[in-house]
Amino acid sequence: MQALVRRGLRVLGGPARAGVALTLAATLALDGADKGTVSAMASQLKQTFGIDNTQVGLLVSVVALSSAVVTIPVGLLTDRTRRTRLLAISVALWGAAVILAGISTSYVWLLCARAALGAVSATAGPTVASLMGDSFPVKDRARMFGLVLAGELLGTGLGFAVSGLIGSFLTWRFAFLWLVIPAGVLVWRLSRLP
């Protein structure tokens, strides 16, 4: 096991670079986990709010739509501010939006919370890409960026599995709310990145 860890650290360029790559991957993973949660909880959401498949689809697509609207202004902000702090604040706001989604009492409330999630998650794209340029030399950047992007795919799968499990034992609310815990850890980690 130790040999595997040492080899992984060597592939990632050492402990410091590995920490940066894993933190950025976790940022994208958190967003992916949220998307997986909506899919895993679709039947419970339909039952709770009396909605159909189109409205469930809107819960997923509103995140992408609001993110698309906010991405360009956030990209401009990313160029003008400390990116690690911006990303940490965005993840903290993301956690607050997840709480709002988890305590929603109506479909409209949930839809608005999801739109807020999309707006805050828009920070991840430009900020992670910019931090990649700062953190890794050109010769390693594509490989490292590939590893970071894999975080989103892993997060989607984990979100679907873990949220599905939590939702089946508790309710859809807890399937969303558990995501606040890794968000809190991620805010702490992001605030310590160089």
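User: At roughly what angle do the axes of helix α7 and helix α8 cross?

Analyst: This is a predicted model in which local features need pLDDT of at least 70, side-chain atom pairs count only at pLDDT 80 or more, and totals for chains, interfaces and linings use all residues. Residues are numbered from 1 along each chain as its sequence is written, and side-chain values use heavy atoms, without hydrogens and water. Helices are DSSP runs (H or I, at least four residues; strands are E, at least two), numbered from the N terminus, and axes are lines fitted to C-alpha atoms, for helices over the stretch in contact, with angles from 0 to 180 degrees between N-to-C directions. The axes of α7 (residues 124-135) and α8 (residues 138-169) come within 10 Å and cross at roughly 145 degrees.

User: Which residues of α8 does α7 meet?

Analyst: Contact means heavy atoms within 4.5 Å. From α7 come Val128, Ala129, Met132 and Gly133. Their partners in α8 are Arg141, Met144, Phe145 and Val148.

User: Is the crossing of α7 and α8 left-handed or right-handed?

Analyst: A crossing is left-handed if the near helix is turned anticlockwise from the far one by less than a right angle, and right-handed if clockwise. The crossing of α7 past α8 is right-handed.

User: Are α5 and α10 roughly parallel or roughly antiparallel to each other?

Analyst: The axes of α5 (residues 83-102) and α10 (residues 180-190) come within 9 Å and cross at roughly 165 degrees. Angles under 35 degrees count as roughly parallel, over 145 as roughly antiparallel, 65 to 115 as roughly perpendicular and the rest as oblique. The pair is therefore roughly antiparallel.

User: How many residues of the contact of α5 with α10 are nonpolar?

Analyst: The contact draws on α5 residues including Leu87, Val91, Trp94 and Ile99, and on Val180, Ala183, Leu186, Val187 and Leu190 of α10. Ala, Val, Leu, Ile, Met, Phe, Trp, Tyr, Cys and Pro count as nonpolar, Asp, Glu, Lys and Arg as charged, and the others, Gly among them, as polar. Two are polar, none is charged, and the nonpolar number twelve.

User: How far apart are the axes of α4 and α6?

Analyst: The crossing of α4 and α6 is right-handed. Helix α4 (residues 53-80) packs against helix α6 (residues 107-121) at an angle of about 35 degrees, and their axes are separated by 7 Å.

User: Is Thr123 buried or exposed?

Analyst: Thr123 sits in the loop between α6 and α7. Beyond four places in sequence, Thr123 contacts Val74, Leu86, Leu87 and Ser90. Buried means under 20% relative accessible area, exposed over 50%, partly exposed in between (1.4 Å probe, protein chains only). At 5% relative accessibility, Thr123 counts as buried.

User: What separates the C-alpha atoms of Gln44 and Trp172?

Analyst: Gln44 lies in helix α3 (residues 42-49) and, at 22% relative accessibility, counts as partly exposed. Leaving aside neighbours within four places in sequence, Gln44 is in contact with Gly167, Ser168, Thr171 and Trp172. Gln44 and Trp172 are 128 residues apart along the chain, yet their C-alpha separation is 6.4 Å.
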